[in-house]
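Here's a quick tour of a protein chain for anyone who likes to see the cut-offs next to the numbers. Have the viewer open while you read.

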Amino acid sequence: MLSSRCSQLQCQAARQCQRRVAVSTQLGKGLRLSSPVTPIAQQDAQAGTVSSMQRTMHHLPTYSQRQRVVPGASAAASSDFPADVPAASSSLGTSTFPQAVLNVINVMCGVGLLSLPFALKSSGWVGILLLWLMGFVANYTGKALVECANEVSRRRQLVGQVVGYEEIAEEAFGKVGRAIVSAIIYVELFGTCCLLFILEGDNMFSLMGAKALAPIATNASHYMLLAAAVMIPTVWLPNLSSLSFLGVFGVAATCAVVASVAFTLCSGSFVAGAVTDPALWATLPLVFGIMTFCYSGHGVFPAIQASMKTPEDFPQVLNVAYLAVTLLCTFVGMAGYHMYGSAAADVVIFNLPTALATVCSCLLLINPIAKFALTMEPVANAATIAAGGGKPVSGLPRLAVRTAVSIAILMAARSMPFLAYVMALVGSFMTISVSVTFPALCHLILCSKTSSSGKKAWNWFVAGLGLTCTLAGTAASMKSLAAKAASSAAGLA
């Protein structure tokens, strides 16, 4: 009897030792994403650097900040978190506080900044208050989304493994919530890719005009086709990390635009006396989406937090980054509206003096080329999986599917070639939903036990604000887009 009991104890000890060895082996494997993402996104998250090209990829799965391993985590995982996903490395992040701030700023600064003078043209000076309100709210929802990711990680015992936006939505609202969020994300990405085509076509037309390439290209729509000949082949690349070096042009373009606006304002190189308005209530809803577009990027925030040496400082990182971006947006919007008033163009660089506009336009030419494949990647992955009946196709079928999606985006962009109005629609319907409404609702459901009554009331206010802005902004942008399209068609006729 005693001998049998000793044998049982030895067997149990051996099994426990094997489990410890397995866990130790997993610790050396690092992180792996549970759903298809671009290699550059994975490299940036692991290295603790998020380039400005990822600003429109805020829906991608993100990393939890916690690093310890919980035994049995794989067994508790759902089908969305496969059992063979290795645990996170026990090493801490390497990013400092200033680096994390710069990463968040790079994620948020993008196309929205260029259209802020146009937004104030539609709202009047009261739009500045709205800009600050949306910045404050987006700052809060960024923190709320990170808390939700940590809560999902705790509930599913997935500490150290990836928790994406769609997983947060599923935990809060079930399969239906996941499907809704996924649909909104894909439509937003589709619309953002349209914006890149429109921006590139407008920019090329501004640089070269109607005669430089006549009769091949005589308007912005024709230039979109030329841009597509360069942009679409980037989606064929097997490894998108080869586009990473182009991200520096996005930062350079943003700096050049801000510097050009400041120089034009300080030097007085504009016609004084532009017509401005205190408030334009009738068209104010049109700017909801544009202003929220300046602050999106929530899905990569947990990745930036995980990359920090002191992840507990991430709320302060968001405070500093959002303050900097809000001040930057306020300056560009106010300066552009002060100088050009009701004549403000969709993109502020088109109002600048010729030499400055040329420099900014040349830098901006590279940006859509670098961003297009990265932005379209999740949509393309979903399409290739659908085409393969649940498994992604490869080879020529993969190229064909990706090309077809790109052409569909191009056709949509050419049918609505109005940058600011399309941005308003995408921002109102999709960006506000994923950056304001859903984070507040998810936090309300997932973190209710740890939230005070005041915080719950604030979450309800934020969700209500997001829903109101979505409905009013979408209606206003669709109405304005239809009117702009009709006006353009009448002009062509």
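What follows goes from the whole chain down to helices, salt bridges, cysteines and a surface patch.

## Ground rules

This is a predicted model, so local features need pLDDT of at least 70 and side-chain atom pairs count only at pLDDT 80 or more, while totals for chains, interfaces and linings use all residues. Residues are numbered from 1 along each chain as its sequence is written, and side-chain values use heavy atoms, with hydrogens and water left out.

## The chain as a whole

The secondary structure comes to 17 helices and two strands. Both are DSSP runs numbered from the N terminus: helices are H or I with at least four residues, strands are E with at least two. Of the 493 residues in the chain, 53% are buried. Buried means under 20% relative accessible area, exposed means over 50%, and partly exposed is in between (1.4 Å probe, protein chains only).

Take the contacts (heavy atoms within 4.5 Å) with a separation of 6 or more: 83% of them come from residues 24 or more positions apart.

Helix 4 (residues 97-108) has twelve residues and reaches 17 Å from its first C-alpha to its last, close to the 16 Å expected at 1.5 Å a residue. That expected span is 1.5 Å times one less than the number of residues. Its buried residues are Ala100, Val101, Asn103, Val104, Ile105, Val107 and Met108, and they pack against helix 12 (301-306) and helix 13 (314-340).

Helix 15 (residues 396-415) has 20 residues, and its C-alpha span of 28 Å is close to the expected 28 Å. Its buried residues include Arg398, Arg402, Ile409 and Leu410. What do the buried residues of helix 15 pack against? They meet helix 8 (165-208), helix 9 (220-231) and helix 14 (354-387). In the loop between helix 14 and helix 15 sits Val393. Leaving aside neighbours within four places in sequence, Val393 is in contact with Thr384, Ala387, Gly388, Arg398 and Val401. The C-alpha atoms of Val393 and Asn381, twelve residues apart along the chain, are separated by 9.3 Å.

## Salt bridges

The whole structure has nine salt bridges, each being a side-chain nitrogen of Lys or Arg within 4 Å of a carboxyl oxygen of Asp or Glu. One of them pairs Glu147 with Lys455 at 3.7 Å, N to O. Glu147 lies in helix 7 and Lys455 in helix 17 (residues 453-492), so this pair ties together parts that are 308 residues apart in sequence. Glu147 is partly exposed at 33% relative accessibility, and Lys455 is partly exposed at 27%.

Arg155 and Glu151 meet at 2.9 Å, N to O. They are four residues apart in helix 7, so about one helical turn separates them. An α-helix has 3.6 residues a turn, so residues three or four places apart point the same way. Arg155 is partly exposed at 37%, whereas Glu151 is buried at 14%.

Glu170 and Arg178 form another salt bridge at 3.0 Å, N to O. Glu170 is buried at 11% relative accessibility, and Arg178 is buried at 18%. There's also a network: salt bridges with shared partners join Glu151, Arg154, Arg155, Arg156 and Glu171.

Cys329 is in no disulfide either; the nearest cysteine sulfur, that of Cys294, is 4.2 Å away. Cys329 is buried at 3% relative accessibility.

## A nonpolar patch

Trp132, Leu323 and Leu327 make a nonpolar surface patch of about 290 Å². Patches use residues with over 30% relative accessible area and no salt bridge, joining like charges within 9 Å and nonpolar side chains (Val, Leu, Ile, Met, Phe, Trp, Tyr) within 5 Å. Trp132 sits in helix 7 (residues 127-155) and is partly exposed, with a relative accessible area of 38%.

How values were computed. Disulfide = S-S within 2.5 Å. Areas by Shrake-Rupley, 256 points an atom, 1.4 Å probe, with all protein chains shown as cover.
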